[in-house]
Every structure is written in C-alpha cells, then in structure tokens.
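These are my notebook entries on one structure.

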Amino acid sequence: VYLPSAEAMASTPAKKVISAVTYGVSSILLVMANKRILYTYKFGSPVVLLTLHLICSLFLLEAWNQIGLLGLRPFKWKVALKMMPLCVMFVLNILISFFALSRTSIPMFTTLRRMTAIFVLIGQWQVLGMTPSRTVIKCVF
C-alpha cells in the first residue's frame, strides 16, 4: 500500500490545480477508452482490463517515486492488511462499473456514477442515522 509522505502532501495552489485538471482529464479519457475497448472491440473480459489498469498504475507509481515526483512511504504488511477490506470493495466497485460501462452509453454511465455520492448520503441518513454537514451536502450537489 502506497501512502504519500508529509513532504509529498505539501503542495502549492498551482500543484493543486494541476492535480485536479489532470485527474479530470484522465478520468474522462479512461472512461472513453474503456468504453471503446469493451464495446467497440467487444473485449469480453473486464477482469483482465481491470488487472491491466492495476499493473499500469503500480508501475507508474513506483516509477514516479523512483524519479522523485512522488514521496511514498515504504510498504508495510500491517497497513496493507488493515486496508484490505477497503481495497476489495474498491476493486468490486470498479469491476461492476466495467460491466455497467459495457452495457450502457457513456452519458448514462457517467450520470449514474456521479449519483453514487447522493446514494451514499441517503444511505448514511436512512441506515446509519448520520446527517452530513451542510458543507458535504453542498459539495455533493
């Protein structure tokens, strides 16, 4: 499990803007590429696609860490085991998203994916009795 160091987390406003723009652009391109691979080329194995994404991500993280673009803490099994349930749920979420992406249009997929935060807020309120702060509600809507 890679966790950023305190030095890597300290950033300037310009770095924050660059990070946000990079995240947005890569997110859009990734959805479009996945849709093309899954639908246009009729690639029938989202699990293989997910595995390739994981391998590429780990490779890039390690490469950027080696050249100094990231400052990652060393791997620790204790932390990895604590994070395992969260990681499994995240991978299941992505896997279900790949199946959904292969069966819906990009606008519908993006709309449903963006509504996830709303459903989480409603679920927390209904099931857990938690009321989110006004700031959280403003960010979601």
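**Entry 1: fold**

How many helices and how many strands does the protein have? I counted seven helices and zero strands. Helices (H or I, at least four residues) and strands (E, at least two) are DSSP runs, numbered from the N terminus. From the N terminus on, the order reads α-α-α-α-α-α-α.

Provenance next. This is a predicted model, where local features need pLDDT of at least 70, side-chain atom pairs count only at pLDDT 80 or more, and totals for chains, interfaces and linings use all residues. Residues are numbered from 1 along each chain as its sequence is written, and side-chain values use heavy atoms, with hydrogens and water left out.

I then looked up the extent. The C-alpha trace spans about 45 × 40 × 35 Å along its principal axes. The protein has 141 residues, and 13% of them count as buried. Buried means under 20% relative accessible area, exposed over 50%, and partly exposed in between (1.4 Å probe, protein chains only). I also checked contacts (heavy atoms within 4.5 Å). Of those with a separation of 6 or more, 66% join residues 24 or more positions apart.

**Entry 2: nonpolar core**

Which residues make up the largest nonpolar core? I found eight: Val31, Leu38, Leu49, Leu50, Leu95, Phe98, Leu101 and Phe109. The term covers buried Ala, Val, Leu, Ile, Met, Phe, Trp, Tyr and Cys residues joined through side-chain atoms within 4.5 Å. Helix 2 (13-40), helix 3 (46-67) and helix 4 (77-101) each supply at least two residues of this core. Helix 4 gives the most, with three.

I took Leu95 from the core list. Setting aside neighbours within four places in sequence, Leu95 is in contact with Pro46, Val47 and Leu50.

**Entry 3: helix 2**

I compared length with expectation. The expected span is 1.5 Å times one less than the number of residues. Helix 2 has 28 residues and should span 40 Å; its end C-alpha atoms are 40 Å apart, so the two agree.

Which residues of helix 2 are buried? They are Ser27, Val31, Asn34, Lys35 and Leu38. An α-helix has 3.6 residues a turn, so residues three or four places apart point the same way. The buried residues of helix 2 pack against helix 3, helix 4 and helix 5 (106-114). After helix 2 comes Lys42, with a positive phi near 55 degrees.

Asn34 sits in helix 2. Its relative accessible area is 5%, so Asn34 is buried. Beyond four places in sequence, Asn34 touches Leu49, His53, Phe98 and Leu101. Of these, Leu49, Phe98 and Leu101 are also core residues.

Lys35 is in helix 2 too. Where is the nearest side chain of opposite charge to Lys35? It is Glu62, 34 Å away. Lys35 is buried yet has no salt bridge. I used a side-chain nitrogen of Lys or Arg within 4 Å of a carboxyl oxygen of Asp or Glu as the salt-bridge test. For charge, Lys and Arg count as positive and Asp and Glu as negative, while His and the chain ends are not counted. Not counting residues up to four places away, Lys35 touches Thr40, Leu101, Ser102, Thr104, Ser105 and Ile106.

**Entry 4: aromatic pair**

I searched the whole structure and got one aromatic pair. The rings of Phe75 and Trp77 have centres 5.0 Å apart and planes at 90 degrees, so the pair is edge-to-face. Rings of Phe, Tyr and Trp (its six-membered ring) pair if their centres lie within 6.5 Å; planes under 30 degrees apart are stacked, over 60 edge-to-face, the rest tilted. Phe75 is partly exposed at 44% relative accessibility. Trp77 is exposed at 64%.

**Entry 5: C-alpha distances**

Ala100 lies in helix 4 and is partly exposed at 31%. Ala100 and Leu112 are twelve residues apart in sequence and 9.9 Å apart, C-alpha to C-alpha.

Val25 is in helix 2 and is partly exposed, at 45%. Val25 and Cys87 are 62 residues apart in sequence and 24 Å apart in space, C-alpha to C-alpha.

Gly129 is in the loop between helix 6 (116-128) and helix 7 (134-140). At 54%, Gly129 counts as exposed. Gly129 and Gly68 are 61 residues apart along the chain, with C-alpha atoms separated by 44 Å.
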